[in-house]
Amino acid sequence: MLIVGEKVKKIVRTIRVDLDKCNGCRGCEMACSAYHATPKYSAMNPARSRIRVVMDQFNDEYVPIRATDYAKAGCDGRRVYTIKGKQYSECSFCGTICPTREMFFDPDSGLPLQCDLCGDEKEPMCVQFCPQGCLTFEEVEVEEEEKEEVKMDEMEIGMRALLDKFGAQKIADTFNRLSQKG
């Protein structure tokens, strides 16, 4: 039974980024892609990484960004940030997986990649293998109002992306055709 308005304490797992320490080595991308390879650690392909380092090599600035939630439509965020005289769009620092940019989609299947904080590890691999120590894993206790929440797993995220892209009828037709082939 859900009681609306009741406050509950919840542990939130996150990764803190210290931009002053990041040198753009992309070790986090390599560790993440190796962890998520099939089988685990069998390959390194940064295109399959759930963290990306956005680089401005001319100004020697690097920003690690993690893939967060999936959104079937792009946002209308048009804010511009100025850092050391260079302008960046809001999208430059966004971790949301959306169709308005190609970041955080599997290169072969086109399905969205979402950071799972390397669920079965004590610390995410990107944090463990960051040689500069700019990534820090944190578990923070927060108090929030309890509400019913349904979290999508990898399969549901992929199916949602396919439905948004091709529609239910095309997915059903393809499934029926494939299941008949045995």
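Rings of Phe, Tyr and Trp (its six-membered ring) were taken to pair if their centres lie within 6.5 Å, with planes under 30 degrees apart counted as stacked, over 60 as edge-to-face and the rest as tilted. The structure is a predicted model, in which local features need pLDDT of at least 70, side-chain atom pairs count only at pLDDT 80 or more, and totals for chains, interfaces and linings use all residues. Residues are numbered from 1 along each chain as its sequence is written, and side-chain values use heavy atoms, with hydrogens and water left out.

One aromatic pair is present. Tyr35 and Tyr41 form this edge-to-face pair, with 6.1 Å from centre to centre and 70° between the planes. Tyr41, at 46% relative accessibility, counts as partly exposed.

The second largest pocket contains about 340 Å³ of space. A pocket is an open set of points on a 1 Å grid over the protein atoms alone, where a 1.4 Å probe fits, with protein on both sides within 12 Å along at least five of seven lines; lining residues have an atom within 4 Å of a point. Its volume is the space filled by probe spheres set on the points, which are joined across faces, edges and corners. The lining of the second largest pocket comprises 17 residues, of which Arg50, Asp106, Pro112, Leu113 and Glu154 lie nearest the centre. Helix α3 (residues 154–166) contributes the largest share of this lining, six residues; helices are DSSP runs (H or I, at least four residues) numbered from the N terminus.

Technical notes:
Helix = DSSP H or I, 4+ residues; strand = E, 2+ residues; numbered from the N terminus. Buried < 20%, exposed > 50% of the residue type's maximum accessible area, 1.4 Å probe, protein only.
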